[in-house]
Amino acid sequence: MSSQEADSLVLSSDPLHPANLIPELCRSFYQLGWVTGTGGGICIRVGDKVYIAPSGVQKERIEPIHIFVLPYPQAPASPHTDRVFLRRPALNLKESACTPLFWNSFDLRNAGSCIHTHSQHAVMATLLWTRPTFTISHQMIKGVRIAGTGNALSYLDTLELPIIENTPNEEDLKDSMAEAMIKYPNAPGVLVRRHGVYVWGNDWEKAKTQTECLDYLFEIGVKMKLAGLPTVLNE
């Protein structure tokens, strides 16, 4: 594929094109405090193509020309295998360090988008819930879907989200994240202790909605916990 053909994968006048959406969403997430300090990330999968933000950059300043495009499916991405790219930015950028974890959401949940945030609410939830899962019953769980891609939860349901331990390198979370997703098949995301959260959905809109709802639940859950209130109905 020529350079011009590769660039055509990210240059579009359509505001809903993934290469246009990712910078817009990253700016929004930055304002929420989710991707400050170059942290966090997002990917969008459309058919056989995956669009991924770069790593280690100011997320609020990303442009469409900075987006990586990878084919899907391909061998699971990891630090030990060469990734296949349809398009790399001309600048000296590296694809998101979250890439192997994004692949978990594709392979295990058939997700169309995955979002990783460093939300302080998520981090605090992992510190106050010392058990392997974060649990809560609350009105906003109706915006969360079973397994992230199934039917919506109801007010009477209890949300259970696994918490995995952090590692020095993001890529090394891949296996423990996959194990948690298999052990908790109904979970719409995975928390990483002292780090943040991964949330996925059928498409970018559902992934975004669920990330917003979960962040609300982390925040209210932390406040309830600190106030000595039960976070699960009839607990």
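Contact here means that heavy atoms lie within 4.5 Å. The structure is a predicted model, in which local features need pLDDT of at least 70 and side-chain atom pairs count only at pLDDT 80 or more, while totals for chains, interfaces and linings use all residues. Residues are numbered from 1 along each chain as its sequence is written, and side-chain values use heavy atoms, without hydrogens and water.

An unreviewed UniProt entry lists His116, His118 and His195 under "binding site"; such annotations may be inferred rather than shown by experiment. These residues are spread over 80 residues of sequence but cluster in space, with a largest C-alpha distance of 10.0 Å.

His116 belongs to strand E6 (residues 113-117); strands are DSSP runs of at least two residues and helices of at least four, numbered from the N terminus. His116 counts as buried because its relative accessibility is 0%, the limit being under 20% relative accessible area with a 1.4 Å probe, protein chains only. Beyond neighbours within four places in sequence, His116 is in contact with residues including Cys98, Glu170, His195 and Tyr198.

His195 sits in the loop between strand E9 (189-192) and strand E10 (196-201). His195 is also buried, at 11% relative accessible area. Residues up to four places away aside, its contacts include His116, His118, Asn166 and Glu170. The side chains of His195 and His118 make a polar contact (3.3 Å), that is, a pair of N or O atoms within 3.5 Å, one able to donate a hydrogen and the other to accept it.

Notes:
Buried means under 20% relative accessible area, exposed over 50%, partly exposed in between (1.4 Å probe, protein chains only).
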